[in-house]
Amino acid sequence: TEIKVIDPATVNGSLVAVRKPLFNAASAQFPQCSGYYQDRLYYGFNNFLSGSKLGDFKSFDVGTGEDTDALVISLKDNADNSIINVHGGKQLEVYTKNSEYVCPQQTDQALTPSTFSIKSQSSIGSNENCNIDGYMNDSYFVNRSGKSIYAFKFNGVGLAYSSFNISEQASSLINSPSKISAISVGTESKEELLLYCNNDSLNCMQYQGSGSYAAFSSFEFEEDIEIKDISTIGDETFVLAYKGSYYFILKFESFDANNDITMDFRVERTSDGSGIVASLDEYESTTVYVIRQSDNYFYGGFQVSGNQINIDDFNADVYVGYLFDCEIELLNYFYGEDSFNYPKKISKLYVDYYNSQNFSVNGTKVPQLSLNNGIEIIKTGVYEERPLLGWFKDSSLSILQERSPYNLNITKIQYEITAKNL
């Protein structure tokens, strides 16, 4: 090994770089997460952040501090504040188990060694078992306990962020999500959705307009189906699931209210001269549902055996797929600091529905069908319920549609509520 002696009197210190390995096995210094932002690869360590050279993801050489050299900065405000996630949002965001940080930058400046800094924005703490995702200027993360979802919102003033709980009304529906994914759907008016995986269920949080909280809903899978990952591309959502010894991908497309029917994992088939629908390998040993394409006639459910079913209808073009129960369970909107210690007694309930059938409200079937020369006509109307003694708002209302291919369109739910002193 050649050793060179540098004379400080003749060498400019800004032209010399002392290099040490970024990954250090001796001190167990390895990254705990990674992220990509503005053509740099970032690694998050126990209490410091390192970014690669500009456009060179394999080099973390800090060099002499040129604009394209690698970046490194420490989180000095807490000795035990491991970086859990690095996310490229409106700015470079850093999530730790105790706090949330950003690396602020002006709109006309890039992150360089001379402008690189990190500032704490909130002290919620992020869950290490769930990713970070964002839409527009906001990012979303699961808190340290795994019981709440927070929005990390860019305020703009002073390049600052704020964190607020968007799931306060639905903490019972959140159980340490393993994956979250933001999506925007719709053609005329965009709706922001945040999907998240809860063990064997897929949940959805919906926003309205500028980001006001709307609702949560849950799509539960069979007990032996395990969700592995979820991703959104445009307005389509893909779920990687595992069952038995097989992996499969489910695709959820944006809802089209103009479609007459809705089925999951749908394929087109034609029955033969004896009513057999074959080539159903992917559905083997499961219950599928069948609809005739010409008039949307619903045959019902069939157990697939030997990759085929018998619908007793000859040479019919049909749709084959899965159907699931659709349940709407309202959240208690009297919560938090605005609530008061009186139960809310409901004397009347109104449910407006549009072109819907086969659903019930609190266990009572809604008579939404009429007959025209023996043909069923789907009605649009208002279901009204007036309980004899009323009931309290803490008993949640439930609207259930059982495994139907026809869309459930609930346009409005209204209460007439009075307060009663305990």
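Reader: Which residue in E34 does Val-361 stand opposite?

Author: Before I answer, please keep in mind that this is a predicted model. In E34, the residue opposite Val-361 is Ile-399.

Reader: And which strands are being joined there, and by how many bridges?

Author: Strand E28, residues 359-361, is joined to E34 by three bridges, and the two run antiparallel.

Reader: What stands opposite Ile-328, then?

Author: Ile-328 also has a place opposite Ile-399 in E34. Strand E26, which covers residues 326-329, pairs with E34, residues 398-401, in the antiparallel sense over four bridges. Within E34, Ser-398 is the bridge partner of Glu-329.

Reader: In what order do the strands of that open sheet come?

Author: The open sheet has four strands in the order E26-E34-E28-E29, with antiparallel pairing. E26 and strand E29, residues 364-365, are the edge strands, since each pairs on one side only.

Reader: Changing topic: is Gln-91 buried or exposed?

Author: Gln-91 is buried, because its relative accessible area is 1%, and the cut-off for buried is under 20%. Gln-91 belongs to the loop between strand E5 (83-88) and strand E6 (92-96).

Reader: Which residues does Gln-91 touch, if we leave out those up to four places away in sequence?

Author: With those set aside, Gln-91 touches Tyr-37, Cys-103, Pro-104, Gln-105, Phe-154, Leu-159 and Tyr-161. As for Gln-105, its backbone nitrogen lies 3.1 Å from a polar atom of the Gln-91 side chain.

Reader: Now the surface: which residues form the nonpolar patch with about 310 Å² of accessible area together?

Author: That nonpolar patch on the surface is formed by Leu-240, Tyr-247 and Ile-249. Ile-249 has its place in strand E19, residues 246-252.

Reader: Why does Ile-249 count as exposed?

Author: Its relative accessible area is 54%, and exposed means over 50%, so Ile-249 falls in that class.

Methods. Residues numbered from 1 in each chain as written. Predicted model: local features only at pLDDT ≥ 70, side-chain atom pairs only at ≥ 80, totals over all residues. Heavy atoms only, no water. Pairing = 2+ DSSP bridges. Patch = residues over 30% accessible without salt bridge, like charges linked within 9 Å, V, L, I, M, F, W, Y side chains within 5 Å. Areas by Shrake-Rupley, 256 points an atom, 1.4 Å probe, with all protein chains shown as cover. Salt bridge = Lys/Arg side-chain N within 4 Å of Asp/Glu carboxyl O. Buried < 20%, exposed > 50% of the residue type's maximum accessible area, 1.4 Å probe, protein only. Polar contact = N/O pair within 3.5 Å; in protein donor to acceptor, adjacent residues only side chain to side chain. Contact = heavy atoms within 4.5 Å.
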